Amino acid sequence: MKLLGRVLSEILNGLAPSLCAACDEPASGAFCEACGQNFQKPPERLVAGVPLLIAGAYAPPLSTAILRFKYQGRAELSRSLSRLVAPALGTLGLPADAVLVPVPLHPKRLATRGYNQAALLAQELGRSSGLSCRPRLLARARETERQVGKARDARLTNAADAFLVRQRGARHAVVVDDVVTTGATVRACAQALARGGIELCAVVALAEAFGD
Ligand SMILES: [Zn+2]
């Protein structure tokens, strides 16, 4: 029954006309023409010493779409949003054995939200790139306090040692998150991966935001 439901939703997704991730108007890509006009492409940069691949700056229409994706139960937006970064993923020259590793969500927040947005993105990127997705490779080592509203320094120390490697067997990893802010979370993931003998090759996120 579960499988049937998944097959049906795949079929329905395939048949449904593409809608703008920010406003639900018809769209040929992730955004309709009106929203797409405001879309800002980001400059290239490094985070934790590796390339940071993002779709754009954390501004409308992308930020609108991400808020809907994360906080309004619109899990299906992972599909159109992942397409914003999927083509560039293929240009990074990643090792063939690189695995996609989403930043784990705290179990309490996972229970409230019902899904980890980073894991959904990683799954979609795995489908389009052929890289395997390892949603349970990293785990939260301890509860990190909500980072929203914290001073930058407090946030930086807060994230250190927050993660640990729970599964072995991978050598290269691409960390996937929805939004990168200070990069503290990504650096904490990189540290955990390094302790587990896994090399971080790149970071993929939908957007980059500076401060809150
Ligand atoms: Zn729109």
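Visitor: Let us start with a single residue. Does serine 80 count as buried or exposed?

Guide: The general idea is to compare the relative accessible area of a residue with a cut-off: under 20% means buried. Please note that this is a predicted model. Serine 80 has 12% relative accessibility, so serine 80 counts as buried. This serine lies in helix H4, which spans residues 77–82.

Visitor: Which residues does serine 80 touch, not counting residues up to four places away in sequence?

Guide: Serine 80 touches Ala21 and Ala30.

Visitor: How many helices and strands are there in the protein chain?

Guide: The protein chain has nine helices and eight strands. Of its 212 residues, 46% count as buried. The accessible surface of the chain comes to about 11000 Å², and 55% of that surface belongs to carbon and sulfur atoms.

Visitor: Which residues coordinate the zinc ion?

Guide: The zinc ion is coordinated by the SG atoms of Cys20, Cys23, Cys32 and Cys35, at 2.3 to 2.4 Å. Along the chain, these donors follow the spacing C-x2-C-x8-C-x2-C. Cysteine 32 and cysteine 35 are both buried.

Visitor: Why is the site of the zinc ion called tetrahedral?

Guide: Four donors count as tetrahedral if all angles lie between 85 and 135 degrees. The angles among the four donor atoms of the zinc ion are 104 to 115 degrees, so the site is tetrahedral.

Visitor: How many salt bridges does the count come to?

Guide: Side chains of opposite charge can pair when their charged atoms come close. The count in this model comes to eight salt bridges. One of them joins arginine 74 and aspartate 24, with the closest N and O atoms 2.9 Å apart. Arginine 74 lies in the loop between H3 and H4, and aspartate 24 in the loop between helix H1 (2–15) and helix H2 (33–36), so the pair ties together parts that are 50 residues apart in sequence. Aspartate 24 is partly exposed, with a relative accessible area of 29%.

Visitor: Where do aspartate 97 and arginine 171 lie?

Guide: The side chains of these two residues, aspartate 97 and arginine 171, also meet in a salt bridge, at 3.4 Å from N to O. Aspartate 97 is in the loop between helix H5 (86–89) and strand S3 (98–102), while arginine 171 is in the loop between strand S6 (163–165) and strand S7 (172–180), so this pair ties together parts that are 74 residues apart in sequence. Aspartate 97 counts as partly exposed at 32% relative accessibility, whereas arginine 171, at 54%, counts as exposed.

Visitor: Which helix holds both arginine 127 and glutamate 124?

Guide: Both residues lie in helix H7 (residues 117–129), three residues apart, which is about one turn of the helix. Arginine 127 forms a salt bridge with glutamate 124, the closest N and O atoms being 3.1 Å apart. Arginine 127 counts as exposed at 52% relative accessibility, but glutamate 124 is buried, with a relative accessible area of 14%. Salt bridges can also share partners: Asp24, Arg68, Arg74 and Glu76 are joined in this way into one network.

Visitor: Is lysine 70 buried or exposed?

Guide: Lysine 70 has a relative accessible area of 15%, so this residue is buried. Lysine 70 is found in helix H3. Leaving aside neighbours within four places in sequence, lysine 70 is in contact with Arg113, Tyr115, Gln117 and Asp178.

Visitor: Finally, which residues make the nonpolar surface patch?

Guide: Tyr58, Leu67 and Tyr71 make this patch, which covers about 290 Å². Tyrosine 58 has its place in the loop between strand S2 (50–57) and helix H3 (62–71). With a relative accessible area of 33%, tyrosine 58 is partly exposed.

Definitions and conventions. Residues numbered from 1 in each chain as written. Predicted model: local features only at pLDDT ≥ 70, side-chain atom pairs only at ≥ 80, totals over all residues. Heavy atoms only, no water. Donors = N, O, S within 2.8 Å, 3.2 Å for Na, K, Ca; no water. Tetrahedral: all angles 85-135°; square planar, octahedral: opposite > 155°, others 65-115°. Buried < 20%, exposed > 50% of the residue type's maximum accessible area, 1.4 Å probe, protein only. Patch = residues over 30% accessible without salt bridge, like charges linked within 9 Å, V, L, I, M, F, W, Y side chains within 5 Å. Areas by Shrake-Rupley, 256 points an atom, 1.4 Å probe, with all protein chains shown as cover. Salt bridge = Lys/Arg side-chain N within 4 Å of Asp/Glu carboxyl O. Helix = DSSP H or I, 4+ residues; strand = E, 2+ residues; numbered from the N terminus. Contact = heavy atoms within 4.5 Å.
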